[in-house]
Amino acid sequence: MLGIARKQAYRPYGGDCAPVYSKFSGDGMAKVAFLGLGVMGYPMAGHLVKAGHEVTVYNRTAAKSAAWAKQHGGRAAPTPAEAAKGADFVMACVGNDDDLRAVCLGKDGAFAGMASGAVFVDHTTVSARVTRELAAIAAGDGIGYVDAPVSGGQAGAENGVLSVMCGGETDVYGRAEPVIAAYARICRRLGDTGAGQLAKMVNQICIAGLVQGLSEGLAFAEKAGLDIEELVEVISQGAAGSWQMANRHKTMKDGKFDYGFAVDWMRKDLGICLATAEENGASLPVTALVDQFYKDVQKMGGGRWDTSSLMARLRKLG
């Protein structure tokens, strides 16, 4: 299976997958378009420039595209189609299913500007259904498609150390992997089209349960009068340790919830998980419960707080 375990060990194509169609060989510059310059996309596009690629960006708010181009020296385009014109690879990181359709389809959409043999890489967290829909449309135009949602949050994007879960045809993935490497700690193909999105659903399901468990543990510790820092120093070295504990316990203790992925976006993602579980028969009782807890956080005005704000809900409950 193809994949980069870490940047230092990265070798294009894993040694068994040669590029097809695209002139980009994995060891030089590619022409890349990046659509969507939010908290994730903005730094991701910057890493592509640092890696030596020629980058054109598009953002719904043109001022942000202009600011990015001024900072990184790339080019800003007025539409996705214009950004995608002549590109070997088009990356997207937008909001949801509808946003993705909007940047892909229509006369101003990316597909209209892409040549046969180019590759579209979607870093948005969306449904597997829209992924398969758009991949089929792209295939009709001779465009390769990789669904490649990411995990690692804003910090991971800024530091270029995201985990990237991919689905798509093996040869198409093999061509895209060297470009994705610009901002990935690990990048792996997990199956055919839609597999990347399904893997991201698993990621979000796991995070939801972990953050709720951590919130309950820390809230219990406060009630019990334990020193949070000393407690975490001990238990983080054992079976309770996690990325969430290591990176969020201090801000949770201090009631600061502006350090990562927003509750509004998490509820969008969990909605996709729950809808997919209805389709495939999976049981997600904890995920469904935590989704409702996040709904409570939204009612508290915390829609833009990060996901560790489940702690705020418990404190409110007393």
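Which residues form one aromatic cluster? In this predicted model, the cluster is formed by Phe111, Phe120 and Tyr145. The structure as a whole holds three aromatic pairs. In one of them, the ring centres of phenylalanine 111 and phenylalanine 120 lie 5.5 Å apart with their planes at 85°, and because planes over 60 degrees apart count as edge-to-face, the pair falls into that class. Phenylalanine 111 and phenylalanine 120 are both buried.

An aromatic pair is also formed by phenylalanine 257 and tryptophan 305, with a centre-to-centre distance of 5.9 Å and an angle of 35° between the planes, an arrangement classed as tilted. Phenylalanine 257 belongs to the loop between helix H11 (243-253) and helix H12 (263-280), whereas tryptophan 305 belongs to the loop between helix H13 (285-299) and helix H14 (310-317), so that the pair ties together parts 48 residues apart in sequence. The relative accessibility of phenylalanine 257 is 8%, which places this residue among the buried ones, while tryptophan 305, at 28%, counts as partly exposed. A contact between a charge and a ring is found where arginine 313 lies over the face of phenylalanine 293, at 3.7 Å from the ring centre.

Turning to the strands, S9 (residues 162-166) has four of its five residues buried and is therefore largely enclosed by the rest of the structure. Strand S8 (residues 150-151) runs antiparallel to S9 and is joined to it by two bridges, with valine 150 standing opposite valine 164 in S9. Strand S10 (residues 184-189), by contrast, runs parallel to S9 and is joined to it by five bridges, and leucine 162 has alanine 184 in S10 as its bridge partner. Between S9 and S10 the chain passes through helix H8 (residues 170-180), giving a β-α-β crossover that is right-handed.

Methods: Residues numbered from 1 in each chain as written. Predicted model: local features only at pLDDT ≥ 70, side-chain atom pairs only at ≥ 80, totals over all residues. Heavy atoms only, no water. Buried < 20%, exposed > 50% of the residue type's maximum accessible area, 1.4 Å probe, protein only. Pairing = 2+ DSSP bridges. Right-handed = clockwise from strand over helix to strand, strands pointing away. Phe/Tyr/Trp six-rings, centres within 6.5 Å; stacked < 30°, edge-to-face > 60°. Lys NZ or Arg CZ within 6 Å of the ring centre and 35° of its normal.
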